[in-house]
Every structure is written in C-alpha cells, then in structure tokens.
Amino acid sequence: MTNFLTIDFPAILVAILTATTCGLLGNFLVLRRQALIGDAISHVALPGIVIGFLITGTVATLPLMLGAMGAAVISVGLIETIRRVGGLESGAAIGVVFTAMFAAGIVLLEQTDASNAHIDAEHALYGNLESTLWLGLSSWTDLLTKDAYASMPRELGTIIGVTLAISFLIVTFFKELKITTFDPGLATSLGLPVRTISNVLIILVAVAAVAAFDAVGSILVIAMFICPAATARMLTDNLARQLWLSVAVGTVASIGGYILAAFGPQAFGSQKALSAAGMIAVIAGLLQLFTMIAAPRYGILTRFIRYGRNKKHF
Amino acid sequence: MFEKALAVFTFQAGYNTSIVMAGVVALGIGGGVIGVFPFLRKRTLISNAISHATLPGIGLAFLMGITLGGTGRNLMLLMAGAALTGALGVLAVQWIKNHTRLAEDTAIGTVLSVFFGFGIVLLSHIQTLKGGSPAGLNSFLLGSAAALTAAEAQLIAFSAAGVITISIIFFKEFAVVAFDEDFAAAQGWHTTRIDLIMMALLLAIVTIGLKTAGLILVVALVIIPPAAAWFWTMRYNRMIVLAGTIGGLSGWIGGTVSALVPKVPTGAVIVLVAAAIFTFSLLFAPARGVIAWGIRHIFLKFRIAETCGLIAIANGFMPPDTLARKIMRWRGYLDINGKLTQSGATAAEDRQRQQHLWFAYQERYPDADRSLNPLTNGKIESVLPPDILAELENKTT
C-alpha cells in the first residue's frame, strides 16, 4: 500500500491532471484546425530548456520552464511571421520552424556541457512519469495532514496550479472561446478581440505543454492535446459536453495506461515496468479508434448500419 | 584548417568521411525532390506522422530479430519494420481523414503520438530484456551519420536515385493532383492512388534517412528544401531541381561542418544549414522573397500614383496627391513650379486614351482574364493583338 501511495498515486495524479489541462485546451486546437501547433510547441521545449540551462547554469524548474516558454512563444511568432510575411502555407511553416529549432537545441546540447547536467533529448521526448515520488505519504489519511504536502513532488505542484488556472480561464471565457472558435467573423463583428483570444489560447497551450512535459514527456503531451479531444468530438456536437467528455477520456486513458504499464508485466511474471507515458498514449489512441468506429452518431460502423437500414426502408 | 575543410568538401578526406558525405548528399537531394510534391499538395506535415510511426516498427523488428536468434541490429530488418509501421501510419491518417469527421491535422497528431507512444512502450520492454540494450535503437531517434558504413551509404544513394526516378515518371500526375485535385478527379485521374504513390515515395525517403538524420529531424529534409525553393521560382519543374539542389547543398555543407567540428550531430547540422538557406531565400529570393516583394509593392504604388495623376491632368485637374506630383516632376511632366510641360501633356493624353481602350476592352470582353489590366501590363498595345485593338479604337472614337 505504501508503495502504491509513494510511487503510483502521484504518477497517476500527474497523468490525470496533464490529461485534463491538455485535453481541455486540445478541444479548441482540434476545432480550430491548429492541432499541429501543439505538436510544434512540445518539440521546441527542448531548445528552450537547453538555453534556460545555459543562461542560468542550474537545472532548477523555474529557469528551465521560462526557457521552454520563451522558445514556445518564439516558435509561434516565427510560424506566424513566415506564414504572413513569406506567404507559406501553415503546415510548411510549422515544419520548418520546429525542425530548425529542435536541431539547434540538439547542437547546443552536444556542444556545451548541458548534456552532462541530466538534460537529454530522450528524457524530453519520453518524460519520466515513474520517477514522480511522494515520499511523505504512507497512508491515505496522510493526505489530510499538513506535513505530507511538504514532500509533495514539485511536478505535481506545478501541474495542479496550471490545471486550476487553465480550467478557471476556460470556464470564465467559455462564451468568448466558443464564438471565436466557431465563427470568427461573427466574433469580430461583435467587437471581440479575435486575434488576442487566439494568441492567449496559444500561450496557454505553451504553458500547459511546458508544465506537463517535464513529467510526462513531449509525446504524451501531444497525445493528450489531440486524442481525448478528438474522441470527444466523435461523440458529441455540444462544446460544453465535448469538454467534459475529453476530460473523462483523458482520465480513463491515464489510469488505464498507467496500471497496464506498471502492473501489466507482472501478470506475465516480469518485474520490470513498461513506459507509462507511452502506454497512456496507446490507450488514448485505442479509445479514439473505438469511438471512430462505434460512436453513436458519427462512428463508421453506426453510419454503415444506418445506411443499410435506410436502404431497406426505401 | 582551411585545407582540411577543402579536403572534406571535395571528398578527399579519407574513405569514411567520403562515404558519410556521399550518403548525406544523396539523402539531401532525394529528400528535396520528393518533398516538393507534398509541399505543393499542402500536406507537408504528413511526413512528420510517417517518421514518428516508424518507431514501433523498429522496436518490433528488433524483437523479431532477437526471437530469430540474432542481435536484432540487422539494418535491413529494422528498416523493413520501420517502413511497415510507417505505411500503416500513412494509411491510418488517410482513413481518419476520409472516413471520420476529424480533420487531417488531428489525424496526423493522433497517428504520430499514438504510434510513437507504442514505440516507446516497445523500447521500454526491450530495455528489460537480457542483452537487449536499446543503445543501437536510440540512434534512430537523433541519428548518427558518423556511423554510416559503405553498404549503408550505397543503399541510401540507390534508394534516393530510385525515388527521384519514380517521381520524375509521375511528374505530371503529381502536378495535376497538387494544383487542382478536383480537376484531376473530374478528368478521371485516380487521385487517391496518386496520393498513395506520393506517400510511398515519402515513406521510402524517410525510412532510408532515419538512421542518418534521426526520426525527428528526417522530416526537415523533405520540408525545408522545397519551402526554400518555393521562394525562388513560380515554375514547378524548376522548383524540383532547386529543391534537390538545396537539399544536396545542405547535406554537403552540413556533412563538411560535422566532419570538422567534433561532437556535432550530422543530422542537426544539415537541418540548420537548410534552415539558413531557407531564411536567406525568404528574405532575398527574387520571385517570392520578402524584400523583392516589398520593392515590387513600392513600384506598384508609384505606378498607381503616376497613372492617377496623369488621368487627373487629362481631365483638367491638378493631382492633389503629393506622391503623384513628385513622380511627375521627376519624370519631367511637371516643371519646377508645378506647371504642366509639353511632354506631360502628351503623356496625359496618351494615358487617357489607354484608359478608354482598357475600359472598352473590359466592356467588350467581360470574361477576359482579369489579370490583364492597366496596372500590371502598362501599354495596351504591348498586350492585345492589333485586330482587337483596331476594334476597340473604332468603338471609342
């Protein structure tokens, strides 16, 4: 039980909170056809961290996160500039910017002593969910005592704060986000600052990606931006319901994926665990596959059955 | 230092370095050429889904190699596995895009993260196996061109040549689909099939480039050179040649730099060289570059001001616009005191006549090409054939 509380419980909590934050924002990315901006942002976090480290010389969370934030904002700015000034299509602009920045990050990493300071590309990609330990926890009742929170892992603290802030913003500005997402023309004519809302949304995506990626790695961040939102999109036409569903899907994928990765191998008699971040992405993908096939209204199978029934009817 | 650089640059710096150089140059050319088609098709980022989707294939091939009793590091086997799941990834993107309500960017994001996630799970499993250190597999992530063997370089060169040949064979098909998909479909082309061939070529280049550039950066070889070439020309065939050249050049310079400076990953340097060429093209290319565009914009503004000024004069007004007056004074249409000169009067009259002709032309042929207009083409005599011109003259007088 203690093992579960110190090792598995915080990791699952981090995964669920990541899924919630990224999933909520992901709905808007998917609806605005900006899903790949999330992809680009989570890739440029690496050069950001390396530069953050080179400037401050420490591996403390704050400078690295600021570096990653800076890189994210710069990359989005570059993508927009290349798109507007150069007239390049947005997919190509994204591709040019994130590969160039990632390459710069790798060269910096290899050329400086950053690679000795426990910063490496693999870590940035996979994350390390399993090393999120909450040592002060020995029983559930400890959660009610003050002391336990002193040893709370910092990744958990960061992600709790970010999740609360982003959820609050989305609930407060729900109406504005909804109008600007579905009908920017109407939003402009109503006097809403469409461009500003879009920029703030991208900055929130960057914040979420940076807060999450230290714990879970950039690939799981991308999966959480896209898969739960896409799954929810297959299930409903109502934006509020879609947001709730995406959180639910993300939570199910996090718990299921973690349990399968941590305890699945034991069922086959192996003591080693699999990568939890990877497994959560896989479960999220499987859930999405299931809804793409069998969603009540938009699933391929259900559409096919309805088509057959209509044919008979006629 | 310089002599050494020259030696590497001209393939004279020893057997190993030359092999690496030949490999990366071939890869750069192949990536640049094949990248043009998805670029024009506005589907560049599908290469990102492909490259990430190769990871589970690499893991599976490694596991299979071990089960068959080898070390699992057979490059052919690993590449076959990579190609297999990469192909699955492309098909998955197509399937999601065509059969569900989700858009292509969502499809790409889903495929790349889920396939890669599965790949990571496999790698974490391989790590727990006895003797199954994934050290050799990690090089697929970030690439290791320095470890290229002669056989591998040969494989890259042959595959790149094959990919280029096939793309030249399908030159017309790709162009039709890239520029007007609906037209292609209406003309009876099998657009889906053509798309799949394009994706297969992309997959081939990504797979052979994996070990050299790494799976995150290999996409840069098919994205950046075509994007840079786009700024230099408006013509499809020239763009292909240019993209291949830019890709090859990036490989050549990048290979040289990484051979000279210790501890630089070749793939990343090649990408940075390509990105530098891209930035230069974005700014300075004459066809679509930012500066050239700005200069053209200014000239257009001058021409509009001049035309408006002359027409105002022909109708008995003085142009109120100071820019127009400045240009006309510089042209000698107005003298120092702002009085109309003889040449100015002639020019104004001529301009007025031109304007009438243009209006008459647009009235007579309303469906004519709208890009034919006084501002982009200047004198009407240089654009329209004499018979139409005579007809218009009759109409206006």
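A:Ala72 touches A:Ile41, A:Val44, A:Ala45, A:Gly48, A:Ala206, A:Ala209 and A:Val210, leaving aside residues up to four places away in sequence. Touching here is contact, meaning that the C-beta atoms of two residues, placed from the backbone, lie within 7 Å. The model is predicted: local features need pLDDT of at least 70, side-chain atom pairs count only at pLDDT 80 or more, and totals for chains, interfaces and linings use all residues. Residues are numbered from 1 along each chain as its sequence is written, while chains are lettered from A and ligands numbered from 1 in the order in which they are written.

**Nonpolar cores**

A:Ala72 is among the residues that touch the most other members of the largest nonpolar core, which has 205 residues. Such a core is a set of buried Ala, Val, Leu, Ile, Met, Phe, Trp, Tyr and Cys residues joined through C-beta atoms within 7 Å. Buried means 20 or more other C-beta atoms within 10 Å of a residue's own, exposed means 12 or fewer, and partly exposed lies in between, with C-beta atoms placed from the backbone. A second, separate core has nine residues, including B:Met328 and B:Tyr333.

**A helix with two faces**

B:Met328 also belongs to helix H15 (residues 322-331) of chain B, where the buried residues are B:Ala324, B:Ile327 and B:Met328. Seen down the axis of H15(B), these fall within an arc of 95°, so they line one face of the helix; the arc is that of the directions from the helix axis to the C-beta atoms. The face turned away from the buried side carries the exposed residues B:Thr322 and B:Trp330. Helices (H or I, at least four residues) and strands (E, at least two) are DSSP runs, numbered from the N terminus. The buried residues of H15(B) pack against these two helices of chain B:

| Helix of chain B | Residues |
|---|---|
| H14 | 290-314 |
| H16 | 342-364 |

**Chain B as a whole**

Chain B has 18 helices and zero strands. Its radius of gyration is 29 Å, well over the 21 Å that the globule rule gives for 397 residues, so chain B is more spread out than a compact globule. That radius is taken over C-alpha atoms, and the rule is 2.2 Å times the number of residues to the power 0.38. Chain B is assigned domain 1 (2-284) and domain 2 (291-396), with bounds from an automatic or database domain assignment. The C-alpha centres of these two domains lie 52 Å apart.

**Where the chains meet**

The contact takes 49 residues from chain B and 52 residues from chain A. On the chain B side, H5(B) gives the most, with 16 residues.
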